[in-house]
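Please walk me through this protein model, beginning with a single residue and widening out to the whole chain.

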Amino acid sequence: MNLPPIYLRSLFLTSLVSFLTPLLLVGSAIAGLIVMGLIPGLDGFSQWSSGSILSFLQTFGSGKALEGSLVIGGACGMVGALFDTYIFYRYSSFRRD
C-alpha cells in the first residue's frame, strides 16, 4: 500500500496537535491557578484546585503527574490520528465515486 506524502504529513501534524493540546490546557490551567494564588483571599482555592489537578494526573501516571499528562496526551494523539485516518479513508472513497 503506497501512502501519499500529503496523508503522512497530515497524520503527523494531527497527531502532534492532538498530543500537545491537552498538555497546553492542563499547563495553562495550573499556571493560571498559580497566578491566582498571588491574589489575597484566593490562595486557598488556588492551592486546592491545583492539588486536585495534580492528583488527577497522578492517577494516570502511577503517582507522577508528568507521566499522567504524557499518558493523556498520548491517548489524545492516538485518537486524533485515528480520526485523521478515518477522514482520509472517507475522502478517498468519495473521490472514487
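Ser46 counts as buried because its relative accessibility is 5%, where buried means under 20% relative accessible area, exposed means over 50% and partly exposed lies in between, computed with a 1.4 Å probe and the protein chains only. Ser46 belongs to helix H2, which covers residues 43-60; helices here are DSSP runs of H or I with at least four residues, strands are runs of E with at least two, and both are numbered from the N terminus. When neighbours within four places in sequence are left aside, the contacts of Ser46 are Leu33, Ile34, Met36 and Gly37, a contact being heavy atoms within 4.5 Å.

This is a predicted model, in which local features need pLDDT of at least 70 and side-chain atom pairs count only at pLDDT 80 or more, while totals for chains, interfaces and linings use all residues. Residues are numbered from 1 along each chain as its sequence is written, and side-chain values use heavy atoms, with hydrogens and water left out.

Gly37, one of the residues in contact with Ser46, sits in the loop between H1 and H2. With a relative accessible area of 26%, Gly37 is partly exposed. Apart from neighbours within four places in sequence, Gly37 is in contact with Leu42, Asp43 and Ser46. Looking back along the chain, Gly37 and Leu25 are 12 residues apart in sequence, and their C-alpha atoms are separated by 18 Å.

Helix H1 comprises residues 5-36, and its 32 residues reach 46 Å from the first C-alpha to the last, close to the 46 Å expected at 1.5 Å a residue; the expected span is 1.5 Å times one less than the number of residues. The buried residues of H1 are Tyr7, Ser18, Pro22, Ile30 and Leu33. Ser18 counts as buried because its relative accessibility is 18%, and, not counting residues up to four places away in sequence, Ser18 touches Gly73, Cys76, Gly77 and Gly80. Gly27, also found in helix H1, is partly exposed at 36% relative accessibility. The C-alpha atoms of Gly27 and Ser69 are separated by 9.3 Å, although the two residues are 42 residues apart along the chain.

Between H2 and helix H3 (65-96) runs a loop that contains Ser62. The phi angle of Ser62 is near 55°, a positive value in a residue other than glycine, and at 71% relative accessibility Ser62 counts as exposed.

Taken as a whole, the protein chain has three helices and zero strands, following the pattern α-α-α along the sequence. Its C-alpha trace spans about 65 × 25 × 20 Å along the principal axes. The radius of gyration is 19 Å, whereas a compact globule of 97 residues would have one near 13 Å; this radius is taken over C-alpha atoms, and the globule rule is 2.2 Å times the number of residues to the power 0.38. Buried residues make up 21% of the 97 residues. Among contacts with a separation of 6 or more, 54% come from residues 24 or more positions apart. The protein chain exposes about 7,100 Å², of which carbon and sulfur atoms supply 73%, as computed by the Shrake-Rupley method with a 1.4 Å probe; for residues, only the protein chains shown count as cover.
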